[in-house]
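Here's a quick tour for anyone meeting this one for the first time. Take a look below, then read on.

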Amino acid sequence: MTHHGTTALLTTAHAADPTLADFGRDPLWITIVKAVMLFAFLGLGVVLGVWFERKLISRMQHRYGPNRAGRFGLLQSVADAIKMGLKEDLFPRNVDRVLYLLAPVIMVVPAFLAFSIVPFGPVVNLFGVETPLQLVDLPVAVLFMLAMGAVSVYGVVLAGWSSRSPYALLGGLRSAAQVVSYEIAMGLSFVAIFLFAGTLSTSEIVKAQEQTWFAVLLIPSFLVYVICMFGEAARIPFDLPEGEGELVGGFQTEYSSSLKFALIMMGEYLHTFTASGIAVTLFLGGWRAPFPISLWEGANQGWWPVLWFFIKFVLTFCFIVWVRASLPRVRYDQLMSLGWKVLIPVNLAWILLVAAVRNIVVNEGDRTLGIGLGVVIVIGALAIWMRFDTVDQRRKEAKKAQVEAEFEQLSEEPAAGGFPVPPLDLPHYHGVGRPSPDHR
């Protein structure tokens, strides 16, 4: 009796925690059903996400938001989608038609594929078949997600290049530079997780968080990922590819409000959903119940984990909307400096520190060597940061001196640079454009 009970418990534990061995065994029709369910979730999620974001930002700004089309304005996104689908599809005269049409598709398809490695729950009974609530898992699933994010950038670049517009082209180039910068930092933020979980499989990373979420255990990696999440999805405050002030609309300037524009907007929202889903999977325990719900024996069995995943997913999306409603857009030089001068060096130092700690705790390495290495890493990171800070300060002072010298030259030479400008009566001015009190 005890032997059978132990066998049943082991079977239940195996069923609750899927591994790579549980994938690739489903019948074809179950795989198709799961793919359709994932597509329906993402498709409805975009429609509801647009409405929810507009409604939430409106409440933050003491407005009502959508409230005309349907109850609570729920049909507003549906009305917008129908309008964009039925509008006349215009082509600017000089565009490359093939790439112009292909670019929105390249933006959408990788976003759908990237979400296929996100686990929604454990092994469940779906129409009589025991299957994991995840479309597919790979030994390098996280790298697959990063690759899909990189491929989608081709859609943005092609959208800008094929439009034959300087504003659209600048938006595409901005996006390429931004994604390259922040994908490096994002990939480095995952290395600490790989060291602790010992795998790149998303289902097994969720299993590794059974005791402690990586957002708590590896909080520097989590904070870096949160920043990179906005840069990768091009969301405020890092939505530089769509800077309306200087680029009109960025890479989508030449796309009219038609079905192609709807695909571009869907691709952007799907990237936001993917970033939220990856944050939940890699850092927030995935589908596992939070404490104290996890004390309940059946919290991580059956279909309950889908509810916990959905709650975490919605809260992460709410955080992204809150940041959009709170922060302004940064300058492009600030965006690039943050990625290359702050996030990447901090990530490298943190990875070395995590490797040293893992060598001490897990592999029972030399504690003295590990502690010494950790101290050297921290001191080196501080020295690098101070070096960059000193260089930036000197650069700012040199720039200030250059501006002051140019202003003095401009004041002395009325035709500065060959342009006939009237001389400034400097004795009557304390500053630029500000007359002194005794000026008449």
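At 26% relative accessibility, Phe41 comes out as partly exposed (buried is under 20% relative accessible area, exposed over 50%, partly exposed in between, using a 1.4 Å probe and protein chains only). Keep in mind that this is a predicted model, where local features need pLDDT of at least 70, side-chain atom pairs count only at pLDDT 80 or more, and totals for chains, interfaces and linings use all residues. Residues are numbered from 1 along each chain as its sequence is written, and side-chain values use heavy atoms, leaving out hydrogens and water.

Aromatic pairs
- There are 22 aromatic pairs, where rings of Phe, Tyr and Trp (its six-membered ring) pair if their centres lie within 6.5 Å; planes under 30 degrees apart are stacked, over 60 edge-to-face and the rest tilted.
- Phe41 and Phe120 have ring centres 5.3 Å apart and planes at 85 degrees, so they're edge-to-face.
- Phe120 is buried, at 16% relative accessible area.
- Phe222 and Phe283 are a tilted pair, with centres 5.4 Å apart and planes at 50 degrees.
- Phe222 is buried at 19%, and Phe283 is buried at 0%.
- One aromatic cluster includes Phe41, Phe120, Tyr269 and Phe273.

Charges over rings
- Arg235 has its charged end over the ring of Tyr269, 5.9 Å from the centre (the rule: NZ of Lys or CZ of Arg within 6 Å of the ring centre and within 35 degrees of the ring normal).
- Arg164 lies over the face of Trp161, 5.5 Å from the ring centre.
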